[in-house]
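The sequence and model come first, and the notes follow.

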Amino acid sequence: LCLHATCTRFSGYFVCWLLSTSSRCRTVMPAWVIDKYGSNEVLRFTKNASFPIINYPNEVIVKVFAAGLSPIDVAMRGGYGAATLSMKRDPLNIKQSGSEFPLVLGRDVSGVIMECGLDVKHFREGDEVWAAIPPWKQGSLAEFVLLSANEVSHKPKCLSHIEAAAIPYVATTAWSALVNTGGLRKDNCANKRILILGGSGGVGTFAVQMVKAWGAHVTVTCSQNAEQFLRGLGADHVVDYTAGPVEEPLSALEKFDLILDNVGGDTESWALKLLKPWSGAKYVTLVTPFMQNTDRLGVADGMMQSAATVASKALKHLMKGVHYRWGFFAPSGCALDEIRDMVDAKQIRPVVEETFSFSQVPQAFEKVEKGHARGKTVVQISKGGDDV
């Protein structure tokens, strides 16, 4: 820590009174980092991670109280999306390969603003906030994290930091897929039939609650032991994928206005037939080959391959009267503002499956890696607001 002092001249000498310590003068902090891509063994705890520095006037430094883990953190630990994310971090390719290390993972954060850039108007030091951290930025498995103010939102008043950390990444991913890509809004959702494939994970549990709060009829697929859990979140109809091919019972139902696919695989071969043709119905999948293409072929060729793939599929299905779309995560403080209001109105509740301490980050990764989640895994970085 840097010691702030004020010095008073007295009888020819300087008497320095130590006034306080400040996080602004720190150069290092505790964090879990990786120095290379790989399995859980690459996770390393350090007390000497670089302290974030405000470089632009619209940035804020957040003291992390809780961090949520998602499957993307496990995938990124193994190198998923490395080529695309490196291009985003360093568009002009100035830095050497591997300059992203040491890399801090963790996409969800709930905490308190510790410092604001000069252009930040909507936040001030001490505000309780939450955010979804873009995957090209250093993550939340650290004592502090640097974010743009437009990625941050005031935390719901009714939630603890641990509860709040379970929502932002899955919420903004679902919002991007359903609202930005799928065209759903709270004023056009009434009586729409929505199918969510893979409903018991983080994105699924949030999507069920959001579209149900907007008045939609929601059907989900999940394993039998998650049925009551999802009905408790508002699902109107549940199909057990362990009982046999789900396309058979789903085909017997009335057709859908929108399908959100969290499963991937061969789902596309049959799911689009479940949509209402020639009515603007959309199939939005969050399982796309975009990152794999850029990792395998390089950024330019990978993007061209992805564009060709999605364009050909979109045209093929448009000829059959339905819309085919890829959905992607998009950070948005504005979306989190609306989601906060829904949480405070008790329309959406956090689903925390398990909480780990800061020292148990490897165990938390093992938990997420096993899959079959019933909500989110959260790591408590710092307790309450005791040290703000």
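In helix 12, the buried residues are Val361, Pro362, Ala364, Phe365, Lys367 and Val368; buried means under 20% relative accessible area, exposed over 50% and partly exposed in between, with a 1.4 Å probe and protein chains only. The model is predicted, and local features need pLDDT of at least 70, side-chain atom pairs count only at pLDDT 80 or more, and totals for chains, interfaces and linings use all residues. Residues are numbered from 1 along each chain as its sequence is written, and side-chain values use heavy atoms, with hydrogens and water left out.

**Helix 12**
- The buried residues of helix 12 pack against strands 3, 4, 5, 16 and 17 and helix 1; helices (H or I, at least four residues) and strands (E, at least two) are DSSP runs, numbered from the N terminus.
- Phe365 touches Asn40, Leu43, Leu69, Asp73, Val74, Arg77, Leu105 and Leu141, leaving aside residues up to four places away in sequence; contact means heavy atoms within 4.5 Å.

**Nonpolar cores**
- The largest nonpolar core has 49 residues, and Phe365 is one of those with the most contacts inside it, as are Val62, Val109, Leu141, Leu147 and Val379. A nonpolar core is a set of buried Ala, Val, Leu, Ile, Met, Phe, Trp, Tyr and Cys residues joined through side-chain atoms within 4.5 Å.
- Strand 5 contributes the most to this core, with six residues.
- Apart from this core lies another of 41 residues, including Ala164, Leu230, Ala235 and Ile348.

**Strands 14 and 15**
- Strand 14 (residues 282–285) and strand 15 run parallel and are joined by four bridges; two strands pair if DSSP finds at least two bridges between them.
- Tyr283 has Tyr324 of strand 15 as its bridge partner.

**Aromatic contacts**
- There are nine aromatic pairs, where rings of Phe, Tyr and Trp (its six-membered ring) pair if their centres lie within 6.5 Å, with planes under 30 degrees apart stacked, over 60 edge-to-face and the rest tilted.
- Trp175 and Trp214 pair edge-to-face, 5.7 Å centre to centre with 75° between the planes.
- Trp175 lies in helix 4 and Trp214 in the loop between helix 5 and strand 11, so the pair ties together parts 39 residues apart in sequence.
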